Amino acid sequence: MLHSILDTLELPVERRHFLFRSTQTLLSAALLASMASYETNASELLAPQNTSAPDPVGKVSLPPLEAQTEQKKGPLPNPEPMEKRIGYAIVGLGHLALEEVLPAFGACEKSKVTALVSGDRTKALTVAKQYGVPEKSIYDYQNFDSIKNNPDVDVVYIILPNSMHAEFTIRSAKAGKHVLCEKPMANSVAECEQMIKACEDAKRKLMIAYRIQYEPNNTEIKKMIREEKYGKVKNIVAVNGQNIGDPSQWRLNKQLAGGGSLPDVGIYCLNTVRFLIGEEPVEVYAQISTDTNDPRFKEVEDVVDFQLTFPSGLRAMCGTSYSHHQSRNYRVYAERAFFGMDPAFAYGGLQMYRSFAQDELEIYETPKRTPKNQFALEMDHMSDCVRSDKKPFTPGEEGLQDMKIIEALYLSARENRPVQLKKHEGKDLFRGTEPKK
Ligand code: NDP
């Protein structure tokens, strides 16, 4: 074989002999080496095994790839082993659960999905297979209370139409489970108060899923405002609206939704402004415009423009709608700059911006940060609070405060007058433990 290969080469005979001999030598060496290595492997196999496996619980690290001058990416994800994580039951397998929350478990470090609750058994069986949830941990709305016997469930995450939040929070607390509940917390102040009491009585945590308060860009803007990086803030303008479709969906049904654009998407403007400045409004004023000939708006409102006045004198102008192209942003006007986020409230692609003067230039910047999954951040914060027995950063009281303001906004619009609210001294009065960095 080797001869025939060498014959194809146009070389003098003595040169071919040299090549033949040296190739033979090389092949023999390789053969001996592989035999030696086989012997080593064989002797290793025969020798008694070292049974002390490396400790699997520890942080993984990799050497840095890029120069020190490049954008910092932060540490590697170091998720906890599955058996250590806090277990979640997801209640309601709709758009938010299937499109955002369940996939977000893949980015969680401390949380895992362990149960599903749905009115649609076939869908639940499919989703259970997709996420490795055992069939015995699928519940419906009737047998839900037996979840108390499931030790794999620590937290119930309620992702149902708004009118069902109170009932399922109370049932979860009675079943001995902690609760993470979607916004808006409920449809009335009275319901919010019942939810807080039920969780207090059962000594369980209650957190409202205000994901923006766990998102790093929005947190950075909060810091800029609180530290007066560009001087005092004079005004904030915030808009969160979208063009809603199918008139038969629950969001347009007053009994199920509690209201229209205001509690669904306008709440982002309200909650985020409160989060950014830490103060509570002392006066609110709202105007509502709804075309009742539009089949979508037979029961709930469309456009809401509202103003919040804070004790420091700062005003926020907010707008929400169910009939304009999606627009989710805010702008903060400070003494030496304007800055904000656009988009501010979307699930991804959030973008910070700022504009300030420098010598002869007006600098307009759009700083970019490595994105983080907001749902994973919020669930891992809840898991931290459950584990260390701390009050969540956005507890039931935070949701209740929004609901008090929303009720005042509806009153203002109905009576076409500013409505005064109880004055609260201090900052961040309704928030709990700061999330870990
Ligand atoms: P969907 O309509 O997509 O899903 C709601 C699910 O609730 C349904 O799929 C159904 O699940 C269950 N359900 C039980 N009873 C009813 C009923 N009578 N009518 C309709 N659905 C029912 O809503 P979303 O997922 O968009 O919203 C759910 C909650 O999450 C709301 O409170 C909303 O405000 C909040 N949300 C929060 C967001 C955020 O960014 N934090 C974004 C979007 C929504 P099943 O078939 O499994 O029983």
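In this predicted model, cysteine 269 is buried, since its relative accessibility is 0% and the cut-off for burial is under 20%. The structure as a whole holds zero disulfides. Cysteine 108 is also worth a look on the way past; its relative accessibility of 3% places this residue among the buried ones, because that value falls under 20%.

The side chain of arginine 211 places an N or O atom 2.7 Å from an oxygen atom of the ligand. Lysine 183 contributes through its backbone, where a polar atom is found 2.8 Å from a ligand oxygen. For histidine 165 the side chain is involved again, with an N or O atom 3.0 Å from an oxygen atom of the ligand. On its own, the ligand has 890 Å² of accessible area, and the protein covers 82% of that area.

The peptide bond that runs from lysine 183 to proline 184 is cis, with omega near -15°. Proline 184 sits in the loop between β5 and α6. Serine 188 belongs to the loop between β5 (178–181) and α6 (189–201) as well. With a relative accessibility of 19%, serine 188 counts as buried, because the value is still under the 20% cut-off. A polar atom of the serine 188 side chain lies 3.1 Å from the backbone nitrogen of glutamate 191. Beyond its neighbours within four places in sequence, serine 188 is in contact with Met403 and Glu407.

A cis peptide bond also joins aspartate 342 to proline 343, here with omega at about 0°. Proline 343 is placed in the loop between β12 (337–341) and β13 (352–358). Aspartate 389, a residue other than glycine, has a positive phi near 55°. This aspartate lies in the loop between α10 (374–388) and α11 (396–415). Aspartate 389 is exposed, because its relative accessible area of 60% is over the 50% cut-off. Asparagine 416, likewise not a glycine, has a positive phi near 50°, and is located in the loop between α11 and β15 (419–420).

The aromatic side chains complete the picture. A pair of aromatic rings is described by the distance of the centres and the angle of the planes. The structure holds 13 aromatic pairs. One of them brings together tyrosine 88 and phenylalanine 105 in an edge-to-face arrangement, with 5.8 Å from centre to centre and 65° between the planes. Tyrosine 88 is part of strand β1 (residues 86–91), while phenylalanine 105 is in the loop between α3 (95–104) and β2 (111–117), so this pair ties together parts that are 17 residues apart in sequence. Tyrosine 88 is buried, with a relative accessible area of 0%, and phenylalanine 105 counts as buried at 7% relative accessibility.

Tyrosine 214 and phenylalanine 393 form another edge-to-face pair, with ring centres 6.1 Å apart and planes at 80° to each other. Tyrosine 214 lies in the loop between β6 (206–208) and α7 (216–226), whereas phenylalanine 393 is in the loop between α10 and α11, so the pair ties together parts that are 179 residues apart in sequence. Tyrosine 214 is buried, with a relative accessible area of 6%; phenylalanine 393 is counted as buried too, at 2% relative accessibility. The loop between α10 and α11 thus holds phenylalanine 393 along with the exposed aspartate 389. Elsewhere, ring pairs link Tyr333, Phe338, Tyr353 and Tyr364 into a cluster.

Key
Residues numbered from 1 in each chain as written. Predicted model: local features only at pLDDT ≥ 70, side-chain atom pairs only at ≥ 80, totals over all residues. Heavy atoms only, no water. Helix = DSSP H or I, 4+ residues; strand = E, 2+ residues; numbered from the N terminus. Buried < 20%, exposed > 50% of the residue type's maximum accessible area, 1.4 Å probe, protein only. Polar contact = N/O pair within 3.5 Å; in protein donor to acceptor, adjacent residues only side chain to side chain. Contact = heavy atoms within 4.5 Å. Disulfide = S-S within 2.5 Å. Areas by Shrake-Rupley, 256 points an atom, 1.4 Å probe, with all protein chains shown as cover. Phe/Tyr/Trp six-rings, centres within 6.5 Å; stacked < 30°, edge-to-face > 60°.
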